Amino acid sequence: WGGTPIQHWSSPAALAQCNTKNDSTLWNAMIEPYTVGPMAVKGFTWYQGEQNVGQAPYYACAFPAMIADWRLHFQNPTAWFGFVQLAPWTAGNGTKVADLRNAQLAALALPGVGFATAYDLGDPTSPFGSVHPRDKQTVGQRLSRFALAQVYGKTITHLFPMYKSSTASTQGSSVTVVVEFDPATVGESLTQHSFTCPVPPENCGTPYEIELSDGTWVFAHVTVNGSTVTMNAALPADKVGLTATGSRYAQASWPYAVLYSLNGQPAIPWSKP
């Protein structure tokens, strides 16, 4: 099934946790019947989210609620769950797609959850439309490495570099945000790749930005050293005196995928205060 929202795959009990009325069409038809037994299931893979774009706060509640509820009904509280962080498509400007990608990460608060990001796997010439990229091999490989590590204890590269913390400072007419990544997810070091936006530029946004204390965002230049990313921006004349309050990376429907680990794993997009 494609083109469906998470509500259709969630039980009434899971929906109730996020204040949603019964909308469990596909749960009733395609999930609940298989919970009888219980079935000898080892885990699940999940590639969904496009139909929930614009509902990021809800998704951050509904996704982990659904995972926990599936485990409950299948009577397998440790069943592995692997999901795919949404790939790019030409959804236009704004951050609604990026917001949904960020919301998907709420599932990582649960044990036994892994994921494969696909935000760097855009396919602008897909005959099925850009929302259906053809490169599923890379997605499958990334998911399989996570499963091999988490479920079967294999020592294998599977983690994606992830934001850990940041500090902000202001020096006259410039602002700086120093972002620290979790060293365990980085490996040897971060590095930057080149990227050319292959679609109308409003889809790609800006790679790195710093948020100012008036709520606006400014373009940031970046230097990378080990697991540290230093973002610096010159303040426009009418913004001098403001301070930095946050940072973000790759927050667009077809984002600039430029930050990687040396072993080729793309850094996960972030938008943090």
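Modeller: Two strands pair if DSSP finds at least two bridges between them. Keep that in mind for this predicted model.

Biologist: What makes strand 2 and strand 3 a pair?

Modeller: Five bridges join strand 2 (residues 80-85) to strand 3. The rule asks for at least two, so the strands pair. They run parallel. Phe81 stands opposite Val113 in strand 3.

Biologist: What is the order of the strands in the open sheet?

Modeller: The order is 1-2-3, three strands with parallel pairing. Strand 1 (43-46) and strand 3 (113-117) each have a single partner strand, so they stand at the edges. One side of each is left without a neighbour in the sheet. On average, neighbouring strands here are turned by 15 degrees against each other, direction ignored.

Biologist: Which strands does helix 3 lie across?

Modeller: Helix 3 lies across strand 1, strand 2 and strand 3. Its direction runs at about 150 degrees to strand 2. Helix 5 (residues 136-150) also packs on the sheet and touches strand 1, strand 2 and strand 3. The direction of helix 5 makes about 155 degrees with that of strand 3.

Biologist: Why is helix 3 called roughly parallel to helix 4?

Modeller: The two helices pack at an angle of about 20 degrees. Angles under 35 degrees count as roughly parallel, so helix 3 and helix 4 get that name. Their axes are 8 Å apart, and the crossing is right-handed. Helix 3 makes the contact with Ala56, Tyr59, Ala60 and Phe63. Helix 4 (residues 96-104) brings Asp99, Leu100, Ala103 and Gln104.

Biologist: How do you know that a disulfide joins Cys18 to Cys61?

Modeller: Their sulfur atoms are 2.0 Å apart. The cut-off is within 2.5 Å, so this is a disulfide. With -95 degrees about the S-S bond, the link is left-handed. Cys18 sits in the loop between helix 1 (12-17) and helix 2 (25-31). Cys61 lies in helix 3 (residues 56-73), and 43 residues separate the two cysteines. The pair thus links distant parts of the chain.

Biologist: What makes Cys197 and Cys204 a disulfide?

Modeller: Here S to S is 1.9 Å. That is within 2.5 Å, so this pair passes as well. The link has 75 degrees about the S-S bond and is right-handed. Cys197 and Cys204 are buried. The count comes to two disulfides. Their pattern is 1-2, 3-4, counting bonded cysteines along the chain.

Biologist: Why is strand 5 called largely enclosed?

Modeller: Strand 5 (residues 174-181) has eight residues, and six of them are buried, so the rest of the structure largely encloses the strand.

Biologist: How do you know that strand 4 and strand 5 pair?

Modeller: They share eight bridges. At least two are needed, so strand 4 (residues 163-171) and strand 5 pair, in the antiparallel sense. Thr167 stands opposite Val178 in strand 5. Strand 4 and strand 5 form a hairpin with two residues between them. Gly172 in the turn has a positive phi of about 60 degrees.

How values were computed. Residues are numbered from 1 along each chain as its sequence is written. This is a predicted model: local features need pLDDT of at least 70, side-chain atom pairs count only at pLDDT 80 or more; totals for chains, interfaces and linings use all residues. Side-chain values use heavy atoms; hydrogens and water are left out. Helices (H or I, at least four residues) and strands (E, at least two) are DSSP runs, numbered from the N terminus. Buried means under 20% relative accessible area, exposed over 50%, partly exposed in between (1.4 Å probe, protein chains only). Axes are lines fitted to C-alpha atoms, for helices over the stretch in contact, and angles run from 0 to 180 degrees between N-to-C directions. Angles under 35 degrees count as roughly parallel, over 145 as roughly antiparallel, 65 to 115 as roughly perpendicular and the rest as oblique. A crossing is left-handed if the near helix is turned anticlockwise from the far one by less than a right angle, and right-handed if clockwise. Contact means heavy atoms within 4.5 Å.
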